[in-house]
Amino acid sequence: MKPIRRRVPWAFLARRVLYGVLAILAIAVINFFLLQLAPGDAAEALAGQAGTADPQYIAQLRAQFGLDQPLWHQLWAFIVRLATLDLGYSYVFNEQVSVLIFQRMPATLMLMGTALTIAVAGGIVLGVTAARFANRWPDRLISLGALLLYGTPPYWIGLMMILVFAVMLGWTPTSGMENVLAFNTGWDRVVDIAHHLILPAAAQSIFYLAIYIRLVRAGMLEILSLDFIRVARAKGISERRLSYRHALRNAVLPLVTIVGTNVGNFLGGAVLTETVFSWPGVGRLMFDAMFQRDLNLLLSILVLSSTFVIIANLVVDLLYAIINPTVELK
Amino acid sequence: MGTLKAFLSILLRDWMMGLGLLLLLGILFMAATATVFFPNPPETMIGPPLQWPGQYPGALLGTDGLGRDILSGLFYGARISLLVGFASVAVAMVFGVIVGALAGYYGGWVDMLLMRLTELFQTIPQFMLAIVVVAVLGASIQVIILSLAIVSWPAIARLVRGEFLVLREKQYVQGCIVVGMSDPRIIFLQILPNAMSGVTVMSTIMIATAILMESALSFLGFGDPNVMSWGSMIGLGKNNLRDAWYIMTIPGIALLVTALALNMVGDGLNDYLNPRLRSQRGSR
């Protein structure tokens, strides 16, 4: 059979990219006004963080941020800074905001990538198993487990895992990303980081797993009742092959949407887990920024994560069209 | 009465929903009787610190690192969790229903504009947006309710819009238009009651999500510092992870039970209100 060839949907892409840019702009504007609502202005907050109340320093900061200018000028300056990817300087961390964020990005990507991979694989296997044994004991067990996990505060799961696996059993380290005092290099360092990664990745994946299992199960039940499955069964195809090759492909579309949303949201999802496990990523950075009231850093991370969401949404729409060629890109 | 009877029969058949309601009533009872059983505020020191459950006669579930009664904290925390959960979803519902109804009923540029706004809010990661709102406006119960409402309304708006898109084409709505009924009357008295079943189910599950998010905010230390909440109890208990792990375990179980009860009720309501639909779950 000849594969269906699609032309690259340039018009769709152009429209969506334009819309995405407008959306980021709008979010930046919302954030800008949100920042205006904060008690005191940014200069006072920063001076406070720097530990001075020197009026000259505050005035200097005001001039530097253009806070002495009218609001519309400030908004314009803010947008221009954003457009040139100049996120400003963090006086709390004494570093460029963009450098701060991108230094921490690999740790977050590693954690969330591992967690999502575990969750997708586990969600598919457990969801398909539950659907194959619908209303029998494997299904009841898996569904009850998913319901329990869905209701559990994710950060609390993390704490309980630290308690059981790190404190009581001593299998894993309690927190952090690596044993910096060991000065590991090469392969030893990889093993050390992987050892530290197990617990946070597992805790984070459990949060997604609960949703994925339910989604895959519901989708599979719907597909398994269709005629083409009955035909395939009549042909004598094994139940396992039937589930994974024939039904799953059709049941996986809603999962693609949710996984896409979660991938786009990965920075938001990381805040709690990284805080619980002291994982040195962007989520932990956001927590610190919030704690130290570094509002500029906080809002930079917010705009950045919104950008990821918009990109992920676009990718999901394109994936949809690839998985299911009857989907029309509008 | 037929409705009530049908409801009761569902309750008997669907033991999960019954259990969920029972658990929920238990939590409500705790919230309602907190001041009766524990006249002193939960911040009061009632005995030596770090007493394990059963170890100190004055505190059934033990005391935390500051000698405060954990059971008392549990009762008062139930108030905060329920208040924040129900209030934030109520605010989100009012806003979400209005936006969704207007968009779905009028269509056209109203729809376009309102849905773009809704999508915009869904683009910012929920928990981050809640954190930032609290960071900017200051941590208090009112601000936390507002922040959770801000992150919850878009999902309701989209659901209501979808229902309205379908319902407004129904003949009875066309009939209302023909007899000259005013738009607000059609929207709120004719269409909305028929769109409420989905909203009810969704809001039940959203209350659970809001309660978990409030606890997460408090856990991180961004909750209202003047009240005792389950999340802040876990946050404090974290420091005694090694020697007194019951401090963070007990409020965690309370949260789990509450969220579970609400999800069970939501699933049951879904089967009852939309018998033809399988349980649907929104994304986070």
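Helices (H or I, at least four residues) and strands (E, at least two) are DSSP runs, numbered from the N terminus. This is a predicted model, in which local features need pLDDT of at least 70, side-chain atom pairs count only at pLDDT 80 or more, and totals for chains, interfaces and linings use all residues. Residues are numbered from 1 along each chain as its sequence is written, chains are lettered from A and ligands numbered from 1 in the order in which they are written, and side-chain values use heavy atoms, with hydrogens and water left out.

**Figure 1. Chain A has 14 helices and 2 strands.** Along the principal axes, the C-alpha atoms of chain A fill a box of roughly 85 × 55 × 40 Å. Chain A has 330 residues, and 45% of them are buried. Here buried means under 20% relative accessible area, exposed means over 50%, and partly exposed lies in between (1.4 Å probe, protein chains only). A contact means heavy atoms within 4.5 Å. Among contacts in chain A between residues at least 6 apart in sequence, 73% join residues at least 24 apart.

**Figure 2. Chain B has 10 helices and 0 strands.** The C-alpha atoms of chain B fill a box of roughly 75 × 45 × 30 Å, taken along the principal axes. Of the 284 residues in chain B, 54% count as buried. For contacts in chain B with a separation of 6 or more, residues 24 or more positions apart account for 71%.

**Figure 3. Chain A and chain B meet at an interface that takes 54 residues from chain A and 47 residues from chain B.** The area buried between the two chains is about 4600 Å², and carbon and sulfur atoms give 77% of this area. Buried area is the accessible area (1.4 Å probe) that two parts lose on being put together, summed over both. In chain A, the residues that lose the most area to chain B are A:Tyr150, A:Trp156 and A:Met290, together 15% of what that side buries.

**Figure 4. Across the interface of chain A and chain B there is 1 salt bridge.** A salt bridge is a side-chain nitrogen of Lys or Arg within 4 Å of a carboxyl oxygen of Asp or Glu. Its partners are the side chains of A:Arg214 and B:Asp267, at 3.1 Å from N to O. Several helices of chain A each supply at least two residues of the side that touches chain B, among them α1 (10-37), α8 (186-224) and α14 (295-323). The largest share of that side, 9 residues, comes from α14(A). By class, the side of chain A that touches chain B has 41 nonpolar, 10 polar and 3 charged residues. Ala, Val, Leu, Ile, Met, Phe, Trp, Tyr, Cys and Pro count as nonpolar, Asp, Glu, Lys and Arg as charged, and the others, Gly among them, as polar.

**Figure 5. Helix α3 of chain B covers residues 70-106.** The helix has 37 residues and reaches 53 Å from its first C-alpha to its last, close to the 54 Å expected at 1.5 Å a residue. The expected span is 1.5 Å times one less than the number of residues. B:Asp69 caps the N-terminal end of α3(B), with a side-chain oxygen 3.1 Å from the backbone nitrogen of B:Leu71. After α3(B) comes B:Gly107, whose phi is positive, near 60°.

**Figure 6. B:Gly96 lies in helix α3 of chain B.** B:Gly96 is buried, with a relative accessible area of 0%. Leaving aside neighbours within four places in sequence, B:Gly96 is in contact with B:Trp153, B:Ile156 and B:Ala157.

**Figure 7. B:Ser147 is found in helix α6 (residues 141-167) of chain B.** B:Ser147 is buried, at a relative accessible area of 0%. Not counting residues up to four places away in sequence, B:Ser147 touches B:Ala130, B:Val133, B:Val134 and B:Leu217.

**Figure 8. A:Asn135 sits in the loop between α5 (97-132) and α6 of chain A.** Most residues other than glycine have a negative phi. A:Asn135 is not a glycine, yet has a positive phi of about 65°. A:Asn135 is exposed, with a relative accessible area of 52%.

Terms used. Polar contact = N/O pair within 3.5 Å; in protein donor to acceptor, adjacent residues only side chain to side chain.
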